[in-house]
Amino acid sequence: MKLFDLKGRVALVTGGNGGIGLGMAAGLAQAGAAIAVVGRSKTKGEAAARQLASHGVECAFIAADVAREAGCRAMVHDTVARFGRLDIVVNNAGTNIRKRPEAYDAAEWHHVIDTNLSSAFHACQAAYPELCKTGGGKIINIGSMTSIFGLAFATAYAASKGGIMQLSKSLATAWAKDNIQVNAVLPGWIDTDLTRNARTQVEGLHDRVVARTPAGRWGCPRGPRRHRGVPRQRGLDFVTGTAIPIDGGYSAQG
Ligand SMILES: NC(=O)c1ccc[n+]([C@@H]2O[C@H](COP(=O)([O-])OP(=O)(O)OC[C@H]3O[C@@H](n4cnc5c(N)ncnc54)[C@H](OP(=O)(O)O)[C@@H]3O)[C@@H](O)[C@H]2O)c1
């Protein structure tokens, strides 16, 4: 496991104070990374930092609104000031406004795009010199199934998540020379606060997801403890049917 040892590394996880972000932060902490948990809610953020510290690593909550460029720059600055370096950036914070495209106003459109897509660009730009200082690093941007297909009730969200995929490919090709690897992860339907709201707003969503998903269930940020009565502890049980190029960026570059 030395290959995956993150002792001495520092990871910044936006939205690391809940849902998928907290699940990913826990995985990074278990591997030994110190964690900067970024979010807006101090209560949730400090609770998450305490929970993550139980893995024996340094953790701190760093308050920032990633929908603002200044917030993204400040969170990178504060992370380096607190931990002395930056090695891993997880751009996970996200939001959604569910309505039909004809009903969006411009402020709603910009709110979703700023939170989900522009945030990742600003965070990556701010992190770039810090990652270069440590000889390289990893950037993980969180997309969605809507990076690939559309949803009638999530136009701005789908546009932002499609953008996340292309942003990741472009940064990967630009910064490979700096030993910075940039990838996007596209979660399916995962049971979090975000989708709990979706299930109340979109009738029949829960059952449609279960019916369409071969695994026959929603994903869970830290893996389900039991599924159909069988204990499930492994982290990759919800990854299936994918083809992941391991090619140094060959297929991402045009
Ligand atoms: N759940 C799913 O099925 C699913 C599927 C595909 C993709 N995703 C993506 O996965 C990511 C995490 O989703 P989730 O389901 O875990 O959502 P979640 O439970 O709602 O968590 C999102 C986190 O982002 C933070 N956040 C939101 N806006 C922010 C802002 N402007 N500045 C700083 N932090 C902000 C929130 O913290 P504060 O409240 O403290 O700001 C919250 O902890 C999102 O990008 C989402 O689009 C989720």
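Colleague: Which helix gives the most residues to the shell around the ligand?

Modeller: This is a predicted model, in which local features need pLDDT of at least 70, side-chain atom pairs count only at pLDDT 80 or more, and totals for chains, interfaces and linings use all residues. Residues are numbered from 1 along each chain as its sequence is written, and side-chain values use heavy atoms, with hydrogens and water left out. Helices here are DSSP runs of H or I with at least four residues, numbered from the N terminus. With three residues, the element that gives the most to the shell is H6.

Colleague: How far is a polar side-chain atom of Asp65 from a nitrogen atom of the ligand?

Modeller: A polar contact is a pair of N or O atoms within 3.5 Å. Lys44 places a polar side-chain atom 3.1 Å from a ligand oxygen atom, and a polar backbone atom of Val66 is 2.9 Å from a ligand nitrogen atom. For the polar side-chain atom of Asp65 and a nitrogen atom of the ligand, the distance is 2.8 Å.

Terms used. Polar contact = N/O pair within 3.5 Å; in protein donor to acceptor, adjacent residues only side chain to side chain. Helix = DSSP H or I, 4+ residues; strand = E, 2+ residues; numbered from the N terminus.
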